[in-house]
Structures are given as C-alpha cells and as structure tokens.
Amino acid sequence: LLDDAAVVAGRPGFDLVVTKDAVVEGIHVPIGERPDLIARKLVRVNLSDLAAKAAAPFGCFLAVAWPTSFAGAEREAFAAGLGEDLKAFGVALLGGDTVSTPGPFTASLTALGWVAQGAMVRRAGASVGDILAVSGTVGDGALGLMAARGEIDDPDGWLAGRYRLPTPRLDLRASLRRSATAAADVSDGLVADAGHIAAASGRRLRIALEA
C-alpha cells in the first residue's frame, strides 16, 4: 500500500463486479460497538453484495473517518478485525484513505469481484413465472439488533451474532449462476429487496408468506 492507485490486470473472459457499502456508528452498528466487529461486518455486507451477483471477491478499497474517541488501541483493533476477515475470505486490501471526523465513526468499503463474462446475476432479469426463493432464515438481523440492544432475550448471543457478523452466502454462487434469473442480498428486508428485483425487472411480484 505504497502508491496512490492500484493497477488491476484484466482477465480475458471475465467481468469485473464492483460494489460499495458503508457503516456509520449509531446507524448501522451500535454506539460503542467493538471496532474489530465493525470492521468484520463492513467486509461481510460488501461480500454479500458480490455473492448475490455470483462474483468471486478478490480485492477492496477502504475509507475510514476516525472520530477523536478512536485512539490508537481502537484503530489497531479495527485493523485487526479487518485483516482477519479479509484473510479468511481471500480478499486483498488494495488501497483507500483515512481521515478524521468530529462526527461518529464511519467506514466505507469498495469490493471487487470477478464473474464470467456476461454471467453476473442482475436484479433486472426476473420473468413472469419465475419462483421467488430466499436462502437461510428471514429476520435474524432485525431480531439480532433488538438482542444487541437488550430488548429481547438472547441467552447464548446467537441472534446478536447474526446481526454483528452476517455470513455472506458465497457458497451459493454456483447455484445462482446455474439457476437464478435475478438476485439481490436481503439487506433492506425481504419485502423491500424483493420489490427492488420486481421494479428493476419491470414485473409484479407476489410473496407467498405461508410458504
């Protein structure tokens, strides 16, 4: 990380997929959250977007705005958490920027992934007669936030863990490439994100909640 820019070599037969997500303390993570958990959540919400596009992540750019409350120990903890998850998911930190802020801690990650040329699964591919499917369980994030706030019982911390450290479904990429006509990760809620697919595809969408 000794230059002002990164050179990314092209790959014949592949498309570059780029996504960007941010976290703000007090909005996306609780005030006083452990810095290492903030960093890992930032990585995972971005990789979730790449997973929904059936892309294989390989690199990222990071921007961090440090408040005065984040001293050396907090910054080191953030860096350690970031490094832990980037290593676990095989993603390289290619560059970025750090600044100071009088406001809450804020960080933004731009993640890069490869997908076979023309094979990215867009929001806009749904057709009449397609089946709407969702992976995993719905609502863990919302319940986890309530658990993190102490509003509901969570004796083993499992729900809070689902909120703090979501798991990007990179394991579903092959299935998406093989079978999906459209896809999005459920970050705004099932109804909202299903609506995003419907709007992008120019279709109406019906959710069978009993199913």
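**Helices on an open sheet**

Biologist: Which residue stands opposite L62 in β4?

Modeller: L109 in β4 stands opposite L62. Here a strand is a DSSP run of E of at least two residues, a helix is a run of H or I of at least four, and both are numbered from the N terminus.

Biologist: What should I know about the model itself?

Modeller: It is predicted, so local features need pLDDT of at least 70 and side-chain atom pairs count only at pLDDT 80 or more, while totals for chains, interfaces and linings use all residues. Residues are numbered from 1 along each chain as its sequence is written, and side-chain values use heavy atoms, leaving out hydrogens and water.

Biologist: How do you know that β2 and β4 are joined, and which way do they run?

Modeller: Two strands pair if DSSP finds at least two bridges between them. Nine bridges join β2 to β4, and these strands run antiparallel. Nine bridges also join β2 (residues 56-67) to β3, but here the strands run parallel. In β3, G59 has A92 as its bridge partner, and P67 has T101.

Biologist: What makes β1 and β3 edge strands?

Modeller: The open sheet has four strands in the order β1-β4-β2-β3, with mixed pairing. β1 (14-24) and β3 (92-101) each pair on one side only, which makes them the edges. From one strand to the next, the twist averages 15°.

Biologist: How do you know that α1 packs on the sheet?

Modeller: α1 touches β1, β2 and β4 (106-116), and its direction makes about 145° with that of β1. α2 packs on the sheet as well, touching β2, β3 and β4, with its direction at about 170° to that of β2. Contact means heavy atoms within 4.5 Å, and angles run from 0 to 180 degrees between N-to-C directions, with axes fitted to C-alpha atoms.

Biologist: Why is β2 called largely enclosed?

Modeller: Because nine of its twelve residues are buried, a word that means under 20% relative accessible area with a 1.4 Å probe, counting protein chains only.

Biologist: How do you know that D85 counts as buried?

Modeller: Its relative accessibility is 2%, so D85 counts as buried. This residue is found in helix α2. Leaving aside neighbours within four places in sequence, D85 is in contact with R40, V43 and R44.

Biologist: How do α1 and α2 pack?

Modeller: α1 (residues 35-52) and α2 (residues 72-88) pack at an angle of about 35°, their axes 7 Å apart. Their crossing is right-handed, which means that the near helix is turned clockwise from the far one by less than a right angle. Among the residues that meet are I38 and L42 in α1, and F78 and L82 in α2. The contact divides into nine nonpolar, one polar and six charged residues. Ala, Val, Leu, Ile, Met, Phe, Trp, Tyr, Cys and Pro count as nonpolar, Asp, Glu, Lys and Arg as charged, and the others, Gly among them, as polar.

Biologist: What is the phi of A54, and is the residue buried or exposed?

Modeller: Phi of A54 is near 65°, a positive value in a residue other than glycine. A54 lies in the loop between α1 and β2. At 1% relative accessibility, A54 counts as buried.

Biologist: What puts the buried residues on the same side of α3?

Modeller: In α3 (residues 140-148), D140, G144 and A147 are buried. They cover an arc of only 60° around the axis, so they lie on the same side of α3; the arc is that of the directions from the helix axis to the C-beta atoms. The buried residues of α3 pack against α4 (158-164). After α3 comes G150, with a positive phi near 80°.

Note on methods
Buried means under 20% relative accessible area, exposed over 50%, partly exposed in between (1.4 Å probe, protein chains only).
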